[in-house]
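Colleague: I would like to learn how to read interfaces and charged pairs in a model of this kind. Could we go through them one feature at a time?

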Amino acid sequence: MRKEHVITKRITLPLTDEIVGGLRMGDNILITGIIYTARDTAHQRLIELIDKGAELPFDIQGQIIYYVGPTPPKPGQPIGSAGPTTSGRMDAYTHRLIEQGLKGMIGKGQRSQAVRDSMKKYKAVYFGATGGAGALLSKRIKKAEVIAFADLGPEAIRRLEVEDFPAVVINDIYGKDLYDEGVKRFAR
Amino acid sequence: MREVAIDEITQAVRDLFIDANCTLGEDVVLALQQALEKEESAIGKEVLTELIENARIAQQEVMPICQDTGLAVVFVELGQDVHLMEGDLTEAITQGVRDGYRDGYLRPSICHCFTRQNTGDNTPVIIHLEVVPGDRVKIIVLPKGGGSENMSGIRMLASAAGLEGVKEFIVQRVKESGANPCPPIIVGVGIGGTFDQAALIAKKALLRPVGSTNANLELAAMEADLLARINDLGIGPSGYGGRTTALAVHVEMIPCHIASLPVAVNIQCHAHRHKEKVL
């Protein structure tokens with residue numbers, strides 16, 4: 001059996017060049033702070049706002065967007081199950097948001113080469129959260145509030161307060177990709 | 001002729017969707033535990049440990065295993081000696097989905113194809129109705145997540161492609177899916193029939209217990225070979241690299257037209273949720 005160990009780091013948001021510079025592909029990260037949710041249709045609307053020169057519903061500088069559409073909370077819960085959705089569907093919009101100052105994304109699945117290039121150029125990182133672990137991940141979300149596009153229901157933009165939210169660095173700012181590297185190591 | 005009140009169907013569908021979304025099948029939990037013992041990737045082991053813990057939390061707190069509580073797929077095996085009383089079967093099932101998604105705090109995930117406006121109650125439902133001998137009604141619910149469904153595929157191969165061509169298509173589909181369908185996955189394969197039937201039997205193949213052996217020896221051998229080849233891809237849990245890319249491959253096959261060789265691959269995530277009830 002191969003010997004290996006995983007490094008765990010704690011980070012507090014917002015992200016800075018210094019913080020992202022210290023993250024390496026494959027690191028386990030526990031994230032604390034404010035993150036914003038957005039998925040398919042919310043992204044489309046954010047880009048429409050940028051095109052119009054209008055203000056975004058939140059200051060995107062140094063922020064993380066989490067690709068998630070949670071289940072409705074049961075009474076007493078801040079949020080329902082809240083695991084990541086497939087990030088690739090957001091690829092078409094991501095470069096524009098990174099240009100605006102977006103510094104991190106949490107999702108699952110590989111990003112396009114264009115997104116990976118943008119991340120390297122603008123020093124942004126892509127984190128993976130465990131897909132299908134929505135109940136577990138919801139425990140690390142302490143507060144949730146819809147701040148934009150409420151009409152989209154589960155797809156609305158939410159402001160989340162997270163504590164030690166577990167994620168893995170997929171793409172660091174040095175151009176490494178965990179999906180590529182991981183498969184290379186284990187393919188037979 | 002046996003009478004079954006239509007309200008019983010609505011109630012069963014409601015309860016089954018809540019149960020399916022919150023309680024992972026014991027067969028899947030066992031397969032995840034066995035995968036954890038065999039996994040060589042440290043990060044892969046962590047993912048598998050999280051998934052087992054996630055299933056425990058979901059069951060204990062009656063909350064969804066995954067936030068994608070799926071498109072509602074319902075298989076009905078209706079005994080031909082059953083008389084459904086006082087209502088419309090499709091509407092009864094649809095109401096059961098509405099009730100289940102509302103009462104179970106499940107996510108409404110269905111929208112208009114182009115405006116993307118959510119229908120709000122997770123309907124319409126996809127219903128597959130089969131009339132069978134007997135006086136019972138069997139209802140199987142399968143809330144199907146979008147991420148894994150998106151990675152599915154169908155191909156009308158030339159007969160010259162043969163068994164190896166079919167296998168290559170299946171393995172390639174899994175390879176191209178990478179991390180997107182939330183591995184470790186369950187791979188449902190339908191071979192033969194028509195374009196539509198191949199896809200339907202691929203989906204039905206998912207319903208067999210994970211870890212079971214195909215009763216057909218030819219297909220059992222195919223499943224074993226496919227599982228080994230898929231796990232040799234190295235995609236691993238969450239796609240981070242590892243030995244466990246699939247927990248199972250289930251193949252169903254029916255004869256096809258002399259001009260055809262259809263093959264459908266329906267990919268299912270590790271949150272493999274389905275429950276059934278006989279009325």
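This is a predicted model: local features need pLDDT of at least 70, side-chain atom pairs count only at pLDDT 80 or more; totals for chains, interfaces and linings use all residues.

Colleague: Let us begin with the interface between the chains; how many residues of chain A are in contact with chain B, and what area is buried between them?

Modeller: An interface can be read first by its residues and then by its area. Here 49 residues of chain A are in contact with 45 residues of chain B, and the area buried between the two chains is about 3700 Å², with carbon and sulfur atoms giving 56% of that area. On the side of chain A, the residues that lose the most area to chain B are Leu136(A), Phe186(A) and Arg188(A), which together account for 16% of what that side buries.

Colleague: Which polar and charged pairs are found across the interface of chain A and chain B?

Modeller: As a general idea, side chains of opposite charge can pair when their charged atoms come close. Across the interface of chain A and chain B there are 2 salt bridges by the rule applied, and 17 residue pairs are in polar contact between these chains, counting pairs with both residues at pLDDT 80 or more. In one salt bridge, Lys139(A) pairs with Glu61(B), and their closest N and O atoms are 2.5 Å apart.

Colleague: Which elements of chain A give two or more residues to the side that touches chain B?

Modeller: They are helix 5 (134-138), strand 7 (157-171) and helix 6 (178-186) of chain A, and helix 6 of chain A gives the most, with 5 residues. By class, the side of chain A that touches chain B divides into 22 nonpolar, 19 polar and 8 charged residues.

Colleague: Turning to chain B, which domains does the domain assignment give, and how far apart do the C-alpha centres of domain 1 and domain 2 of chain B lie?

Modeller: The assignment for chain B gives domain 1 (2-20 + 65-144), written as two segments, and domain 2 (147-271). The C-alpha centres of these domains of chain B lie 26 Å apart, and 10 residues of domain 1 of chain B are in contact with 12 residues of domain 2 of chain B. The area buried between the two domains of chain B is about 800 Å², of which carbon and sulfur atoms give 72%. On the side of domain 1 of chain B, Phe75(B), Leu142(B) and Lys144(B) lose the most area to domain 2 of chain B, together 62% of what that side buries.

Colleague: How many salt bridges are counted between domain 1 and domain 2 of chain B, and which strands of chain B each supply at least two residues to that side of domain 1?

Modeller: The count between domain 1 and domain 2 of chain B is 2 salt bridges, alongside 4 residue pairs in polar contact with both residues at pLDDT 80 or more. Strand 2 (71-79), strand 4 (126-132) and strand 5 (137-144) of chain B each supply at least two residues of the side of domain 1 of chain B that touches domain 2 of chain B, and strand 5 of chain B gives the most, with 3 residues. That side of domain 1 of chain B has 6 nonpolar, 1 polar and 3 charged residues.

Colleague: For a charged pair within one chain, are Arg111(A) and Asp91(A) buried or exposed?

Modeller: For such a pair, the distance and the accessible area can be read together. The side chains of Arg111(A) and Asp91(A) meet in a salt bridge, at 2.7 Å from N to O, and the pair links distant parts of the chain, with Arg111(A) in the loop between strand 4 (104-107) and helix 4 (113-122) of chain A and Asp91(A) in helix 3 (residues 91-99) of chain A, 20 residues apart. Arg111(A) has a relative accessible area of 2% and is therefore buried, and Asp91(A), at 15%, is also buried, the cut-off for buried being under 20%.

Colleague: What parts does the salt bridge of Glu276(B) and Lys138(B) tie together?

Modeller: In this salt bridge the closest N and O atoms of Glu276(B) and Lys138(B) are 3.3 Å apart. Glu276(B) lies in strand 10 (residues 275-278) of chain B and Lys138(B) in strand 5 of chain B, so the pair ties together parts that are 138 residues apart in sequence. Glu276(B) is partly exposed, with a relative accessible area of 45%, and Lys138(B) is partly exposed, at 24%.

Technical notes
Residues are numbered from 1 along each chain as its sequence is written. Chains are lettered from A and ligands numbered from 1 in the order in which they are written. Side-chain values use heavy atoms; hydrogens and water are left out. Contact means heavy atoms within 4.5 Å. Buried area is the accessible area (1.4 Å probe) that two parts lose on being put together, summed over both. A salt bridge is a side-chain nitrogen of Lys or Arg within 4 Å of a carboxyl oxygen of Asp or Glu. A polar contact is a pair of N or O atoms within 3.5 Å; within protein, one must be able to donate a hydrogen and the other to accept it, and residues adjacent in sequence count only if both atoms are side-chain atoms. Helices (H or I, at least four residues) and strands (E, at least two) are DSSP runs, numbered from the N terminus. Ala, Val, Leu, Ile, Met, Phe, Trp, Tyr, Cys and Pro count as nonpolar, Asp, Glu, Lys and Arg as charged, and the others, Gly among them, as polar. Domain bounds come from an automatic or database domain assignment. Buried means under 20% relative accessible area, exposed over 50%, partly exposed in between (1.4 Å probe, protein chains only).
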